[in-house]
Amino acid sequence: MKNHPIFRYLYIFYSFVFVIHIINVFIESDNLNYILGIMALIMLAVSFAGASRLFKILGSAFILIGGIVFATSGQSIATVPALLTSNMSLLTLLAMLPWMNSVVRSGRFDQSLNNLLKVNVSDLGKLYPRSSITTLTLASFLNLSAATISQDVLKENLRPLDKRLRDSFIATATLRGYSLALLWSPLEILLAVSIFTTGVDYVSLLPWLLLIALITFLLDSIWGRFHYKKYAYANTSKQSINMKEMTKKIVHLLVALVLFLTLVISLGNLFNLDFIFTVTILIFPFAFIWSLIMKRGRSFWIIGWSTWKAKTNTMQNFIVLFISLAFFANSIDGTPFLDFIQQPILAFSDYPIVIFVMIQLIFIFMSMFGIHPIATIGILSGVIATLLEFMNPVSLAIVLVTSSIATLTVGTYGLVVQLTAVNTGQNPYRITMNNLLYSLAFGGIGTVIAYLLL
């Protein structure tokens, strides 16, 4: 079924739905929203066949539980389409992300930055923070691609070393650097979901996320410096590096990122648009104009079109997850079933630090069994809505972001861990164990800062 020719043209249907959603954000028509709900139902049906087994199970569970609760609520079945559209903004954002990825690739920033990993250093301890910061910088724009690019370079450069040592270095340096970039990147879907769920303003969240990223990076770099310094490293690559050119590339990327953030914040405030939607509609024009300034317009279109089409055609997992999640969340809202989910956590309402730690541990535990952190946020959405009534939304958002992002380094069945396992030829459970303390510390730093802000 997945190989059916129709799956090569899904991007046309998906794009049509996303364009209607964007139009409806501006005109706010209930009738158009209902039509969008019917299209979402069709999207769910079409995408289910192409989704992976895990996402089929998650989607089915959300639909089954939501359906049972909906059936007992006494509502008309005609209201179902209106319950399916609340996560459409997140799906539209996902569809636009490949364009930013493409402009960075067309400018060859990925190739330039990875030259940093080919410069000789005396030991692995000195290479560790360099590997981490390179992956971090790339991941700010390239997301998942950044980890695989850095891993490929390191795998080649560290080939003479013992395999277990090489695998450990790659799995720690690249995955941790990757996670620190996603913590604050406006292009990261987990950050967008956390903001969407708590309703906080990105501007109020950003300084604290940058602080957490800085603290975590410094502590991890110190750990890496001392943990790996006993291993000598002599890169056989004769490639020289132009530091002046490299500095220009890094500054160029940073200026572009600051400018993008400034535009997102300014336009959002000027036109009273939410963060997710502002990022979504800005990505393409920003990337296109950036490519023209770099005189890379042609390569941007070539890379961008093929990348966007391929990524949009393979959105089935997220479509199944987000649409079924919308149905589940809207169906249980205000029902006794929601109270049943909330009680274990709300029992500790007088001890917010306990609630924060419980949330963090729930994310890590679920990730080890293949539950995507977005699904975990969905499962906790009812609890989160209640917690927002008496808890600082910024604190709660910090806990959600740090806890969900931290799982990316330990999620045994998660995409980035699985890709790393394939790239390095090691057991994914070993990657989980290597990063477990880091994940707990990362989430713990977020929990402490969130608690101090209460």
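## How two helices cross

Helix H10 makes a right-handed crossing with helix H20, where right-handed means that the near helix is turned clockwise from the far one by less than a right angle, and left-handed means anticlockwise. Helices here are DSSP runs (H or I, at least four residues), numbered from the N terminus. H10 covers residues 202-228 and H20 covers residues 428-452; their axes come within 10 Å and cross at roughly 140°. Those axes are lines fitted to C-alpha atoms over the stretch in contact, with angles running from 0 to 180 degrees between N-to-C directions.

Let's see who meets whom. From H10, residues including Trp208, Leu211 and Ile215 meet a group in H20 that includes Tyr438, Phe442 and Ile445; contact means heavy atoms within 4.5 Å. By class, this contact has nine nonpolar, two polar and one charged residues. Ala, Val, Leu, Ile, Met, Phe, Trp, Tyr, Cys and Pro count as nonpolar, Asp, Glu, Lys and Arg as charged, and the others, Gly among them, as polar.

## About the model

This is a predicted model, in which local features need pLDDT of at least 70 and side-chain atom pairs count only at pLDDT 80 or more, while totals for chains, interfaces and linings use all residues. Residues are numbered from 1 along each chain as its sequence is written, and side-chain values use heavy atoms, leaving out hydrogens and water.

## The two sides of H19

Now look at helix H19. Its buried residues are Val416, Val417, Thr420, Ala421, Asn423 and Thr424. Buried means under 20% relative accessible area, exposed over 50%, and partly exposed in between (1.4 Å probe, protein chains only).

Asn423 counts as buried because its relative accessibility is 19%. Leaving out residues up to four places away in sequence, Asn423 touches Thr148, Gln151, Asp152 and Lys155. After H19 comes Gly425, with a positive phi near 70°.

## A threonine in a loop

Where is Thr409? You will find Thr409 in the loop between helix H18 (393-406) and helix H19 (415-424). With a relative accessible area of 1%, Thr409 is buried. A polar atom of its side chain lies 2.9 Å from the backbone oxygen of Ala406. Beyond its neighbours within four places in sequence, Thr409 is in contact with residues including Leu175, Val417 and Tyr438.

Note on methods
A polar contact is a pair of N or O atoms within 3.5 Å; within protein, one must be able to donate a hydrogen and the other to accept it, and residues adjacent in sequence count only if both atoms are side-chain atoms.
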